[in-house]
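Hi,

Here is the structure I promised to pass on.

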Amino acid sequence: MALLADLQAAFEPGRVVVPEHIHSRHRSDWGVALADDEQPAALVYACNAGDVSRALEICGRYDCAVVAQGGLTGLTGAATPVDGCVIVSLERMRAIEEIDTAAATMTVEAGVALERIQQAAAEAGFFFPLDRGARGSCQIGGNIATNAGGNRVLRYGMARDLVLGLEVVLADGTVVTSLNKMQKNNAGYDIKHLFIGSEGTLGIITRVVLRLFPATTSECTALCAVSDYDAVLAFLAHAKAQLGPTLSAFEVMWPDFYRLALEAHGMRPPLDENHSAYILLDTLGTDTEADQARFEDTIASALDQGLIEDAVLAQSLADSERLWTLRGLAGEFSRVFTPRIDFDISVPIGDIGVFIERAHAGLIAQWPKARVLGWGHIADSNVHLSVSIDEQPQPLEAVERTIYALVREYGGSISAEHGIGLLKKPFLDYSRSPAEIALMQRMKQALDPAGLLNPGKVL
Ligand SMILES: Cc1cc2nc3c(=O)[nH]c(=O)nc-3n(C[C@H](O)[C@H](O)[C@H](O)COP(=O)(O)OP(=O)(O)OC[C@H]3O[C@@H](n4cnc5c(N)ncnc54)[C@H](O)[C@@H]3O)c2cc1C
């Protein structure tokens, strides 16, 4: 095949993998697998922007689709290859190029694993706050291409807020190097935002400049119980006012989630199981004694004011980890809550309580034995739901329509942090207006007129 021959001629041996030798892990992310009767045309291991550019330029000549792959931990099928495409793998682009201590930035290649970035930041006396369970496998390029979130968005923002500059290769092979290190730079359009969260459909990210933060030395954690969702909101306002910028996580678990987490981990309940919601509160600071005192005062005053019904404060790192284990139940779902349908959605914070009640009621009305678990990073409006129906197979589409119709009613988002990929594409218009979608299509048309970059994803 001429395409393959051109790629092999352009790269050193071992850098272009023929279809029969592409490892099966490249056929899927965590959400969607390529159909058995379909296969990629080739896989190219890129080592720099020039390689990506060359691969794109050759693919353009043959009108061949290109799918960028990072760590393949995405949950929506965004990185799953399409039939006959060329996969561009970033996994050999693993250099940490520079840590600029004055600017508090780190410049890295796109294929560096998130965990390595966290470690390198710590070794240099800084903190890089992006985090998730998949930290050892996901790559910073993938994190940025999906505008990833996580538990610390409340304090540090999404991946978008942690990027100062990037280098990207456009569909026609043009390399745009925009490795800005400054927080202030209003010299025209801020082009990095076009590519952040674009899921490999507008360009392939090859290098990034990340913001670093002062290292934190103290962490305080508490689990608190409240009587209803209004109390969640009142306690959030109280915690923000009292703890200021040290507040780094405010994770809410609804009772069914809490009970299953206790059962799954064989834990004695830190708090009774009869409360309406449980909140995991976390601060990160730099003054251990003062941070602890302020944290204890915040909890004590919340109890005095009746904002919370009960609380348990971690006395050690081990205590803190144990409390966070409860919140980590989702990582155990395949063992304790399966089959199921998962949702990653956003709803305006004030409406989340009634949203959860209505979602539950709407599901029970159709499937009386439905089990619904709710939890999430409520302070940044992100709620996760997992639904299990006593039917096989799970009535996926009917459940999705039930939940996403409610999301639309509340002006929420069908994707808070995982992106659209393939799985959520049919529902994009539940969260985006025709004018918004038309503008996205114009952006795609302008940057990738032949539609070769990750076709069929997002739009
Ligand atoms: C256990 C687990 C926990 C998770 N927790 C969270 C969480 O808390 N919050 C959250 O937001 N997500 C979470 N995720 C989802 C996932 O980790 C993120 O979406 C992650 O950002 C994907 O990175 P990746 O390198 O694996 O990308 P991939 O899955 O390889 O790719 C994802 C998308 O990005 C594109 N892409 C990859 N690299 C590039 C590049 N260099 N240039 C252009 N496009 C590129 C791909 O084409 C695809 O569209 C979790 C996943 C798992 C498995």
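How many Å is an oxygen atom of the ligand from a polar backbone atom of Ala-68? The distance is 2.6 Å. Bear in mind while you read that this is a predicted model.

Let me stay with the ligand for a bit. On its own the ligand would expose 980 Å², and the protein buries 92% of that.

As for who does the surrounding, the shell holds 33 residues, and the closest are Ala-68, Gly-70, Gly-71, Thr-73 and Arg-132. Sorted by class, you get 14 nonpolar, 16 polar and three charged residues around the ligand. In terms of secondary structure, strand E3 (66-69), helix H4 (140-145) and strand E10 (204-211) each put at least two residues into that shell. H4 gives the most, with four residues.

Now to the aromatics. Searching the whole structure turns up 14 aromatic pairs. One of them is Phe-333 with Phe-337, a tilted pair at 5.5 Å centre to centre with 50° between the planes.

Another tilted pair is Tyr-404 with Phe-427, at 4.7 Å between centres and 50° between planes. This pair links distant parts of the chain: Tyr-404 belongs to helix H13 (residues 396-409), while Phe-427 is in the loop between H13 and helix H14 (428-431), 23 residues apart. Both Tyr-404 and Phe-427 are buried.

Back to Phe-333 and Phe-337 for a moment: ring pairs join them with Phe-257 and Trp-375 into a cluster. If you colour those four residues in your viewer, you can follow the cluster by eye.

Finally, a couple of arginines sit over rings. The charged end of Arg-408 is placed over the ring of Tyr-430, 4.0 Å from its centre.

Cheers

Note on methods
Residues are numbered from 1 along each chain as its sequence is written. This is a predicted model: local features need pLDDT of at least 70, side-chain atom pairs count only at pLDDT 80 or more; totals for chains, interfaces and linings use all residues. Side-chain values use heavy atoms; hydrogens and water are left out. Rings of Phe, Tyr and Trp (its six-membered ring) pair if their centres lie within 6.5 Å; planes under 30 degrees apart count as stacked, over 60 as edge-to-face and the rest as tilted. Buried means under 20% relative accessible area, exposed over 50%, partly exposed in between (1.4 Å probe, protein chains only). A charge sits over a ring if NZ of Lys or CZ of Arg is within 6 Å of the ring centre and within 35 degrees of the ring normal. A residue is near a molecule or strand if one of its heavy atoms lies within 4 Å of it. A polar contact is a pair of N or O atoms within 3.5 Å; within protein, one must be able to donate a hydrogen and the other to accept it, and residues adjacent in sequence count only if both atoms are side-chain atoms. Accessible areas come from the Shrake-Rupley method with a 1.4 Å probe; for residues, only the protein chains shown count as cover. Ala, Val, Leu, Ile, Met, Phe, Trp, Tyr, Cys and Pro count as nonpolar, Asp, Glu, Lys and Arg as charged, and the others, Gly among them, as polar.
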